[in-house]
Structure formats: structure tokens, C-alpha cells
Amino acid sequence: MLEIDDVAVERDGYVLRYTLSVAPGEVVALRGRSGIGKTTLLDTVAGFIQPVHGDIRWQGQSLLQHPPERRPVSQLFQDHNLFEHLTAWRNLQLGFTRPRPDRDLRDAARALDIADQLHKLPPMLSGGQRQRLALVRTLLRERPLVLLDEPFAELDPETRRQTLAWTHKTARDRGKTVLLVTHQDEDVSDMADREIRLGESGERPASRSC
């Protein structure tokens, strides 16, 4: 289980506060207006932002003492985090211990219609192709906790449906616990087990204060 326990983060003169828990294998959609702290929450779980208060636990163990590379987290960034000087295929292979799951990577590339792009450098790819490339690497890494920040934003409607279905099936088959930041109702209805709206009262467990 992922437990975010009374976590406070200082950002741009505000204190963002989070309390929520996510069961193993659960997909939770995070929603809310721009600037409410959705991406900040993902970056804090991943270890790129240090909270000023509270704790983040995975399977009962605090993550706060661990740097990002030692956390059980695989994160998809909004800018895709691809190396421009490496081919798409080499980018896919990064972050895996040997033996790399090359067959799984190629199968996923075929499923998402980017298999014929793997010899190219990222600047030669469209935004949607880059997004799908980064999504494959994020989902197939051997990390149980997956953080997705608007993972389908640059895709046309048909490719979006195809990619969302692949993401949902892959997360389920591999038992991933997923935090999904999205503004799209379709993403929530087709993929998430539940939705948390940051900044709302009642059941929605996050707040923003000065």
C-alpha cells in the first residue's frame, strides 16, 4: 500500500497538503484545477521534492530517506524524459537490469504502432510517438509504483483509445499501483478504480493553504 500521511510541501509561497492511501494494484486518478498540486504530488512521491512535514510509505516502509533512483517508482514526465542523442530503441532499453525484456519492449512498441520508429532519434518523432515511447518504458520497468502525468495528452482520439487500453491492461496484468494525473473524464472511466479531486473537501483528501 502507498500511504501519503499528512505530507506538506512548500511551493511558490503556498503549502500544499496531502493525505491519501492507495491499495496495491489500484489505479487512482488525480484531478483538480491547474496549479492545485497534482504534478507536485507525483514529484514528491518520486523523491524529486522533499516534503517539510509528514511521511510517504510504501508497504509500510518510509521512502523519504531514499533518493529517487532507489524508490520503487517509475514516473512518466510531461516532457517524456528521452535522450535526444539515442535512438528510440536505446531509449526504450534504459532503466532495465539485465537481462532486458527486449521481447516485451518490441511487443509493446508493435501494440502502440511505434515499432517502425525505433531506429529513429527522438527529434524525428512526433509528440504522440515520443509519448508512447516513454509510456512503454515507464510501464514495463520492474517498479511496482507507477506515476503518470497526463500520459495521453498528445494523442489523437483513436490513438488515445488504443494507448489507454494497452496501459490499462498492462497495469492490471503486471499488478502496478498507479497514480494518474488527468483532466479527461474518459481516462477516469476507462482506467481508474477511483478518482481523487485535489483541493476539495469531504472525501477528497488534499488541500491548499497559504
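Trainee: How do strands β1 and β4 pair, parallel or antiparallel?

Mentor: Start with the general idea. Strands of a sheet pair through backbone hydrogen bonds, and the pairing can be parallel or antiparallel. In this predicted model, strand β1 (residues 2–11) pairs with strand β4 (residues 53–58) in the antiparallel sense, over five bridges.

Trainee: Which residue of β4 is the bridge partner of Ala8?

Mentor: Look for His53: that is the bridge partner of Ala8 in β4.

Trainee: And how does β4 pair with β5?

Mentor: Here too the sense is antiparallel: β4 and strand β5 (residues 61–62) are joined over two bridges. Opposite Arg57 you will find Ser62 in β5. The two strands form a hairpin with two residues between them.

Trainee: Which residue in that hairpin takes a positive phi?

Mentor: Gln59, with phi near 55°. Gln59 sits in the loop between β4 and β5, and it has this positive value although it is a residue other than glycine.

Trainee: Is Gln59 buried, exposed or partly exposed?

Mentor: Residues under 20% relative accessible area count as buried, those over 50% as exposed, and those in between as partly exposed. Gln59 has 47%, so it is partly exposed.

Trainee: What about phi at Asp6?

Mentor: Asp6 has a positive phi of about 50°, and it is not a glycine either. Its place is in strand β1. With a relative accessible area of 35%, Asp6 is partly exposed.

Trainee: Let's move to the open sheet. In what order do its strands come?

Mentor: Reading across, the order of the five strands is β6-β7-β8-β3-β9, and the pairing is parallel. At the edges are β6 (73–76) and β9 (194–197), each of which pairs on one side only. From one strand to the next, the twist averages 20°.

Trainee: How many bridges join β7 to β8?

Mentor: Five bridges join them, with β7 covering residues 145–149 and β8 covering residues 177–181. To find your way along this parallel pair, begin at Leu145, which stands opposite Thr177 in β8.

Trainee: Which strands does helix α4 lie across?

Mentor: Helix α4 (residues 127–140) lies across β6 and β7. Its direction is at about 170° to β6.

Trainee: Could we try a residue in another helix? Where does Thr159 lie?

Mentor: Thr159 lies in helix α5, which spans residues 157–173. Its relative accessibility is 14%, so Thr159 counts as buried. The side chain of Thr159 also makes a polar contact with the side chain of Asp156, at 2.8 Å.

Trainee: Now for the whole protein. How many helices and strands are there?

Mentor: There are six helices and ten strands. Of the 210 residues, 50% are buried.

Trainee: Why would one say that the radius of gyration agrees with a compact globule?

Mentor: A compact globule of 210 residues would have a radius of gyration near 17 Å, and this protein has 17 Å, so the two agree. Taken along the principal axes, the C-alpha atoms fill a box of roughly 50 × 35 × 30 Å.

Trainee: What share of the contacts join residues at least 24 apart in sequence?

Mentor: Counting contacts between residues at least 6 apart in sequence, 69% join residues at least 24 apart.

How values were computed
Residues are numbered from 1 along each chain as its sequence is written. This is a predicted model: local features need pLDDT of at least 70, side-chain atom pairs count only at pLDDT 80 or more; totals for chains, interfaces and linings use all residues. Side-chain values use heavy atoms; hydrogens and water are left out. Two strands pair if DSSP finds at least two bridges between them. Helices (H or I, at least four residues) and strands (E, at least two) are DSSP runs, numbered from the N terminus. Axes are lines fitted to C-alpha atoms, for helices over the stretch in contact, and angles run from 0 to 180 degrees between N-to-C directions. Contact means heavy atoms within 4.5 Å. The radius of gyration is taken over C-alpha atoms; the globule rule is 2.2 Å times the number of residues to the power 0.38. Buried means under 20% relative accessible area, exposed over 50%, partly exposed in between (1.4 Å probe, protein chains only). A polar contact is a pair of N or O atoms within 3.5 Å; within protein, one must be able to donate a hydrogen and the other to accept it, and residues adjacent in sequence count only if both atoms are side-chain atoms.
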